[in-house]
Amino acid sequence: MLDLYIPMLTNIKSITSENKVNDIKTFEFVFQNDDDLKNFNYVPGQFAELSIIGKGECPIGIASSPTEEGSVKFTIKKMGTVTSQFHKSEVGDVVGIRGPLGNGWPVEDMKGKDIVVIGGGFAFSTLRSLTEYILHKDNRDKYGKLTVIYGNRDSGETLYKFDLEKWEKRDDIELVLTIDREEEGWTKKVGFVAPVVKEVSPSSKNAIAVVCGPPIMIKTTIAVLEELEFGDEQILNSLEMRMKCGVGKCGRCNIGNKYVCLDGPVFSLAELKKLPNEY
Amino acid sequence: MQEKIIFKKEIPKLVKELTKEYVFYAPKNVKGNIEYKRVNNSKDIELEFLNSKVPPKEIVFPRMETMFTYTRNGKNIEIQKPKKVEDKNIIFGIRPCDAHSFVLLEHFFNFGEFKDDLFLNKRKNTILMGIGCNTPRNTCFCTSLEGHPFKKDDMDIFMVDLDDRYVVSPISDTGKEIIEGLSWLVDAKEEDLEKAIELSKKAESMISTTLEIQDSYDFLDSQFSDPIWKEISETCMGCGSCSFLCPTCTCFDVIDEEDQYNNRGRRMRIWDTCQFCLYSLHTSGHNPRDSSIERCRNRILHKFSYYPTNYNLIGCVGCGRCIQLCPVNNDLRVILKKLNEIQKKEEKTIVA
Amino acid sequence: MNEVITEKAQKEDWEPKIIAFLCNWCSYAGADLAGVSRIQYPSNIRIVRVPCSGRLNPFFIIRSLVDGWDGVLVSGCHPGDCHYISGNLVARRRFAILNDLLEFFGIEPGRVNFMWASAAEGERFAVLVRKTTEIVKKLGPNEKFKKQW
Amino acid sequence: MVDIKNENQKIEEKMRNVARDLLKEKKVDLIIGYSEGTLPLASAPVFIRDEQEVNKLVWNNSCYVNLAKYLIPNIRENINGEFVDLKVGIISKGCVARSIIHLLVEHQINKENIIIIGINCNGILDRRRIEKDIGAHEITETEVSGDYLIVKGNKFEKKFKFEDYMNELCKHCKIRAPPISDSLKDNIVGECQEVDSLEDPFEDIIDFEKKSADEKWAFMNEVLKDCTRCYACREACPLCYCNLCFVDQNLPTWFGKTSEISDILIFHMVRGLHLAGRCVECGACSSVCPMGIDLSLINRKINQIVKDRFDFVSGLSLEKLSPMMTYKMNDKQEFMLEEN
């Protein structure tokens, strides 16, 4: 594979601003080459190396679901060199993609189980992918009950408002939205994610909890889930790490002997407990 | 195949013949440092040397390497893949430890689903024509790591220095082919071979450092938060000398360079090291390996614990470069001895 | 690529490209005055307006050379006239060291030029730009930092 | 003839006594010094917390690391759950003390926490040059005899004159013990010296500057082209304490990180630029370079510029500001373009 480090070229099809502060945008890419699109077979939870050619590369989780054909979506927060450049780019600009990389959510193993999706803030992108995937008409009956708990600082920070509205209308998903502080016009839950999870108290029987969010949220939520008798194997987590190559060669994303880009980014709590605490 | 003899005075002839087909790399004295450089004239070759300062990994994994170039035309971008390198290389005079490092590198870059062809192509086209170490250094400890100053398995052609001549033994098939091509070589006599064996034994006895590393990696893993790491890393300054010049270190950084005046650019990889704080710094400001304690630990564990677990190989060849080059004399042998002591203590308590 | 440029240099009509960092309060106004008063000066300079010559990080100058500019011109208020009181005085020390160091590394003297020009000195500005252009033209293209592409 | 072996022994003994007393009297929690290296011509910095261990301290002519590097960030330790700044005694030759003084000028370290244990340095050997001169042999033993260094190895023995094989910067050094001043009196124990003014003719630099621009460029290319960009020079320099070095900055990316010669030259040029008025000529950067690149020329040049233009020598007094922190109305400006 001489193309290991060569990005596939895409064009930006649309840019959606996701929050009030305007530092999170969702980009939709279409491949310039049809073969590339055919080869880009991914599962929710995988990531890709996006590059603004000439500026650099960064790993971003895929926000679209494989069931949404024709394009891929990424939600990018303005943080460093490359992501800032993304926020400067316009529709039609050329962007390189390498991927899909990483293991992704174990959608096959999750079949027949109840799914509890717990997300906080900006980390919801791959969870959106997962939810969308499960909700697709081909897949919905393969999974049990779907609960989505999504917390944010305030209503302005809530991502994917369009999708959330769509999901809310369906009866095969329990959608719980929460914000940290009370706000005028907000009719849904108020409070941090962990207490809300406790309130909703999803059953741990034949269920899998998927948790993504800021470290403190993960820590508190996992404590709650353990209270609800979720086993270590039943809690899934997606990690972030600094990456360059995305294919396990550049060396920097290792936690112990595991590379986040190859063996991750999705780890079960049981796996994480075996790894040294260096993430 | 029969061992051959090549006299030192015949080296120019050898170089002349091999440079016809191959790019000939040989140890060269560059301002007092021995480095493996491209050589066309046999006069440039430095045959009297202990080991090179820059490991020969530089030939197959250069300090900087273009991953692709591109040209920009308005908003459009066209990517040009790097040309497949067809040059055939010979590394003359490579030492057994460095030859073994090639095995490790190849294993690493070839591991798993993703194969790094930038490296593998170069490796495939590289022939190792090594020389046994008659006089290993004090800092050498290859015998503790399944190596030997006369280990020939990792090379294509192996030579033993007998003062005025070399005993040449072809090892791999390509090596045999090359030796067959050099029809003017004379067969080695029995006494030469005997002398070579004698030298090998002598060299082995000269290696003074013996470390017990073989089975300690499981143990190392469990010592993740031992205070020993603080002790080891206290004086480390966080420069990259040890890993930049390590024959088995493979980490790289990826950078983009744009020549905006000519509408072109390139993406390249350059050597990087886990000893830099920037290496694992997240954009958010969080750094999983924030201090020299974690960084030193990562280096040691990567070589002696993660490598064995992942690939069944120890990620060190015992060349001793990091020992010689560390500015604060943070001696790897001492570190390993300290770790060994802890292990022994632990075993004792378990037995007791 | 190199050949093309050397050829270009040999041609009589090669014109250097010079980047000029002008301070907002004096030199930029001086350049403006030169323009308004229709004083001719070579069109080789491309002006970058900076708030003060003290804003000039030496990186700007070195980076300009790396990027292939044939000459660099830095201009600020006369000592004592700085809008921010001491910006140009601090900058002067920096420039002094940079100037000496560049020379020490073998960058031809005259590649990087420093000058003072006030808002009222349109004539002086034009003269010094002319002078800079001449110096740089004599030096030829800046190729020392050229990379091997 | 100077008997260097004897000198070293005296220095060592004094140093140990002072260090022992300091630890015994609990004036310091930690002594940073040099210990015997595991290789010939090497020394290892060591942190000593117990007076029993004081005999680990050694002094020889390979103590090239500038220990002031370890003072930043402040050495802290978790004592009963609380992080406390440690009181540090630091074995200081002239240049280490000078870097400490300069770090104090730049408010990087806390004067109360530092005790300078002065020693009278007698020069550091340029180990990389000795290694290069010996070539394809391994040094197994070194011995000092008179003002010669005798290097022994497998079947060879070579004598090096001390003066000739000293670090380039040590050859010009005149401040061998910590410079004393009133404001620093309480912080120095052991050797120290009065430094009033410093005359340095900078003959080597003047010599070099006779070359033409292209010759200089070619020379610099030749000197620096082996650089692997491991940044050991930066990490060993006590005054390179930036959290994010300019080469690592990426918003914007200033300079390339490749090992192309122009990028290498720029790195060393800007490193020099950043040391203007700060470099104390300790030579640590050259000594730690794995490739044996001699950076002393650049450092000397910087110091010459600063001395000529601003009449300043760094690291001598706490009161005088470094030239890049201040300005004068009548600074020389002969390099400025003028109309005539």
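## Chain D as a whole

In chain D, among contacts between residues at least 6 apart in sequence, 70% join residues at least 24 apart. The model described here is predicted. The secondary structure of chain D consists of ten helices and ten strands.

The C-alpha trace of chain D spans about 70 × 55 × 40 Å along its principal axes.

## Where chain D meets chain C

The contact between these two chains involves 31 residues of chain D and 36 residues of chain C. On the chain D side, helix 6 (213-224), helix 8 (261-274) and helix 10 (296-310) each supply at least two residues. Helix 8 of chain D gives the most to this side, namely seven residues. By class, the side of chain D that touches chain C holds 21 nonpolar, three polar and seven charged residues.

## Nonpolar cores

The largest nonpolar core contains 271 residues, and C:Leu101 and D:Ala236 have the most contacts inside it. Helix 4 (residues 87-105) of chain C provides the largest share of this core, ten residues. Not counting residues up to four places away in sequence, C:Leu101 touches D:Met269, D:Gly272, D:Leu273, D:Lys301, D:Ile302 and D:Ile305. A second, separate core has 43 residues, among them A:Ile24, A:Ile118, A:Trp167 and A:Ala209.

In soluble globular proteins, nonpolar side chains tend to be buried together.

Within chain A, the domain assignment gives domain 1 (8-101) and domain 2 (114-238). Taken over C-alpha atoms, the centres of domain 1 and domain 2 of chain A are separated by 24 Å. Their contact takes 16 residues from domain 1 and 13 residues from domain 2. The side of domain 1 that touches domain 2 divides into five nonpolar, seven polar and four charged residues.

Strand 3 (residues 47-52) of chain A is mostly covered, with six of its six residues buried. In a regular strand the side chains alternate between the two faces of the sheet. For strand 3 of chain A both faces are covered: A:Phe47, A:Glu49 and A:Ser51 are buried on one side, and A:Ala48, A:Leu50 and A:Ile52 are buried on the other.

One partner of strand 3 is strand 4 (residues 56-61) of chain A, and the two pair in the antiparallel sense over six bridges. A:Ser51 stands opposite A:Glu57 in strand 4 of chain A. The hairpin of strand 3 and strand 4 of chain A has three residues between the strands, and A:Gly54 takes a positive phi near 100° there. Strand 3 of chain A is also joined to strand 6 (residues 94-101) of chain A, by four bridges and in antiparallel fashion. In strand 6 of chain A, A:Arg98 is the bridge partner of A:Glu49.

## The seven-stranded sheet of chain A

Chain A also has an open sheet of seven strands in the order 10-9-8-7-11-12-15, with mixed pairing. Strand 10 (189-190) and strand 15 (266-268) of chain A each have a single partner strand, so one side of each is left without a neighbour in the sheet. Strand 7 (residues 114-120) and strand 8 (residues 146-152) of chain A run parallel and are joined by six bridges. A:Val117 has A:Val148 in strand 8 of chain A as its bridge partner.

## A:Ala270

A:Ala270 lies in helix 8 (residues 269-274) of chain A. A:Ala270 counts as partly exposed because 13 other C-beta atoms lie within 10 Å. Leaving aside neighbours within four places in sequence, A:Ala270 is in contact with A:Asp232 and A:Glu233. A:Ala270 and A:Val116 are 154 residues apart in sequence, and the distance between them in space is 17 Å, C-alpha to C-alpha.

Notes: Residues numbered from 1 in each chain as written. Chains lettered and ligands numbered in written order. Predicted model: local features only at pLDDT ≥ 70, side-chain atom pairs only at ≥ 80, totals over all residues. Core = buried A, V, L, I, M, F, W, Y, C linked by C-beta atoms within 7 Å. Buried ≥ 20, exposed ≤ 12 C-beta atoms within 10 Å, placed from the backbone. Contact = placed C-beta atoms within 7 Å. Nonpolar A, V, L, I, M, F, W, Y, C, P; charged D, E, K, R; others polar. Domains from an automatic or database assignment. Pairing = 2+ DSSP bridges.
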